[in-house]
Amino acid sequence: RGFVEALAGIRADLVAASKGTHAAMRLAVSGPVSPVALAKQVVEAWRRGDRGATAAGFQLVEVASCLREAAGADQSNPAWGQLLVEGQQTIELGLDDIARSVPEELGPGSAFSRYAREVLGWKPKRGPST
């Protein structure tokens, strides 16, 4: 529940950062207190066994969707858009890793992959987990 409530704050922080300097934008997207940092914590919690694959996948999709939505905050700034794309790609790498490890839950054809495709346009990658 706390995670879902935090999403509004993440979205607001990203909108504010879109109006800042390039350094402020980069920190907001991928700094120590950012959507990318949160996503890395989610993946680590999954690796430790503190979070299930589906819960971790859901959280990663929601965090990545915050970045996708933030692209509308300042479409005139290509640097902002590029930072958001890079952040989303980083988060999706974690999602891919989990999906390859637990394909029955998150892999191709699963209900989760249909949800993630609908929200992000994400398609699980095939191949060994990293």
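By contact I mean heavy atoms within 4.5 Å. With neighbours within four places in sequence set aside, I98 has contacts to V43, W46, A53, A56, L60 and L106.

Before I go on, some housekeeping. This is a predicted model, in which local features need pLDDT of at least 70, side-chain atom pairs count only at pLDDT 80 or more, and totals for chains, interfaces and linings use all residues. Residues are numbered from 1 along each chain as its sequence is written, and side-chain values use heavy atoms, with hydrogens and water left out.

Now the core. A nonpolar core here is a set of buried Ala, Val, Leu, Ile, Met, Phe, Trp, Tyr and Cys residues joined through side-chain atoms within 4.5 Å. Buried is under 20% relative accessible area, exposed is over 50%, and partly exposed lies in between, with a 1.4 Å probe and protein chains only. The largest such core has 35 residues, and those touching the most other members are L14, V29, L60, W80, I91 and I98. At least two core residues come from each of α1 (2-17), α2 (22-30), α3 (35-48), α4 (53-70), α5 (78-101) and α7 (111-120). Helix α4 gives the largest share, nine residues. Helices are DSSP runs of H or I, at least four residues, and strands are runs of E, at least two, numbered from the N terminus.

Take α2 next. Which of its residues are buried? They are M25, A28 and V29. These sit on the same side of α2, because they cover an arc of only 95° around the axis, the arc being that of the directions from the helix axis to the C-beta atoms. Their cover includes α1, α3, α4 and α5. On the face turned away from the buried side are the exposed residues A23 and L27.

A few single residues. Q88 is in helix α5 and counts as buried because its relative accessibility is 11%. Beyond four places in sequence, Q88 touches A64, L67, R68 and L120. F58 is in helix α4, and at 32% relative accessibility F58 counts as partly exposed. Leaving out residues up to four places away, F58 touches V4, F112 and Y115. The C-alpha atoms of F58 and A116 are separated by 8.1 Å, although the two are 58 residues apart along the chain. K40, in helix α3, is exposed, with a relative accessible area of 51%.

Last, the largest pocket. A pocket is an open set of points on a 1 Å grid over the protein atoms alone, where a 1.4 Å probe fits, with protein on both sides within 12 Å along at least five of seven lines; lining residues have an atom within 4 Å of a point. The space in the largest one is about 180 Å³, counted as that filled by probe spheres set on the points, which are joined across faces, edges and corners. Its lining includes A6, D13, L14, A28, P35 and Q41. Helices α1 and α3 are the elements giving two or more residues to that lining.
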